[in-house]
Amino acid sequence: MSENSQGRPQPATQRHGADALLSARDIALLRASRAAVEPHAADLPVHFYATLFQRYPQVRDLFPLHMDIQHDKLVRALLLIVDLVDDPENLVRFCSDLGRDHRKFGTRSEHHAAVGECLLATLEHFAGSAWNADVATAWTRAYTAVAQAMDGAALADAAERPAVWDARIVHHHRYGPDLAEVTVRTDQPYPFTGGQFVSMETPWWPKSWRYYSPANAPRPDGTITFHIRAVPRGPVSSALVHRAAVGDVVRLGRPLGDMVLDPASTRDLVCVAGGTGLAPIRALVEQALLDGVQRRMDVFVGARGTNEPHGLEDIRRISQQHRWLTVRATVFDPDIPGAASGLPEALTAAGPWREHDAYVSGPGPMIVSAARALYHAGVPLERIHHDPFVRLDFAP
């Protein structure tokens, strides 16, 4: 560990992931300090980015003009990293994905030390009396492991593929006032697997990247379809729904996520989708068809009242042609925190699922409630695949 001119601990840059694994005491210190910082979650990213841009103004151009979404991403990533500190395999996997994904921002190896310095300064500011030399050392070790995993993955990825792909819109169709089906074709082959998600940048909001899931498995013609809902105060989604047209060019980051079919598994599948979360489930169904998978697949689709999610009829049509696929629709309310009326009951009644692999996609509260129902129905947490930024905060 080194120090900067202000005497703060600096994340080491020469250590590698295996050398930077944390002790039980380090983990306890991290979690205790997180508990002290969490009440300030709304203010933490504002302070962090202000510190970063003040000390290192040259990095400001890497970020979008409007930082609201970026603030939320920082807090979610930080909380998830602390959740994973005692799970090195998944921590390295998550941070490696972050590193590969951050190539689209123009992130370089030397940026990690600046970020680490400002992150520790921010944590110290909000932790108050919970911060001491031992806590600083634990966070330095944790950040070292994170930075090494990110940087190593980014460097390896740069040797194999571009950081971004240009993608021209070849089809755009509105379904109702706030939903559009957008199909693009990339300028070069885009390697992805059904179930993954993709970051997208539009020409109207440069450097503002948003994540969307393809609604299909890879196609021979290379096209990729997205179901995009314009959300309140969502400039990127609103532009894609209301402003984008055939011929416009967007940019895609590399595909991410491990919500994909496990080729080594012979277990049957249970899938749960709500809203536009149906897109990756539909892609999983297409991927199963593409791969010739014959495992049984039960798909539960949550509908907002009587409004069925776009794409449901396509999956129903596939189920009529393939007996291994069963589709059930039920009602859920995405605005009820921690609950999704109808879905948990339907899952429990149709079980048991203890021998299944599970895939859950949709609004955060729906993911949590569906995952809880599946867990109590016997599915181990490690076999419940979902958005990595959603915390399953129920007690196992």
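**Helix packing and cavities**

Modeller: Helix α8 (residues 278-291) and helix α9 (residues 312-321) pack at an angle of about 25°, with their axes 10 Å apart. Axes are lines fitted to C-alpha atoms, for helices over the stretch in contact, and angles run from 0 to 180 degrees between N-to-C directions. Helices are DSSP runs (H or I, at least four residues), numbered from the N terminus.

Biologist: Is α8 roughly parallel or roughly antiparallel to α9?

Modeller: Angles under 35 degrees count as roughly parallel, over 145 as roughly antiparallel, 65 to 115 as roughly perpendicular and the rest as oblique. The angle here is about 25°. Therefore α8 and α9 are roughly parallel.

Biologist: What should I know about the source?

Modeller: This is a predicted model, in which local features need pLDDT of at least 70, side-chain atom pairs count only at pLDDT 80 or more, and totals for chains, interfaces and linings use all residues. Residues are numbered from 1 along each chain as its sequence is written, and side-chain values use heavy atoms, with hydrogens and water left out.

Biologist: Which residues in α9 does α8 meet?

Modeller: Contact means heavy atoms within 4.5 Å. From α8, the residues are L278, R282, V285 and L289. Their partners in α9 are L312, D314, I315 and I318.

Biologist: How many residues in the contact of α8 with α9 are charged?

Modeller: Asp, Glu, Lys and Arg count as charged, Ala, Val, Leu, Ile, Met, Phe, Trp, Tyr, Cys and Pro as nonpolar, and the others, Gly among them, as polar. The contact has 6 nonpolar residues and no polar ones. The charged residues number 2.

Biologist: How much space lies in the largest cavity?

Modeller: A cavity is a set of points on a 1 Å grid over the protein atoms alone where a 1.4 Å probe fits but cannot get out; lining residues have an atom within 4 Å of a point. Grid points are joined across faces, edges and corners, and a volume is the space filled by probe spheres set on the points. For the largest cavity, that space is about 670 Å³.

Biologist: Which element gives the most to the lining of the largest cavity?

Modeller: The lining has 29 residues, with Y49, L74, H102, V115 and M150 nearest the centre of the cavity. Elements giving two or more residues are α2 (44-55), α3 (68-83), α4 (88-101), α5 (111-127) and α6 (133-158). With 6 residues, the one that gives the most is α3.

Methods:
1 Å grid on protein atoms, 1.4 Å probe; cavity = no way out; pocket = protein on both sides within 12 Å on 5 of 7 lines; lining within 4 Å.
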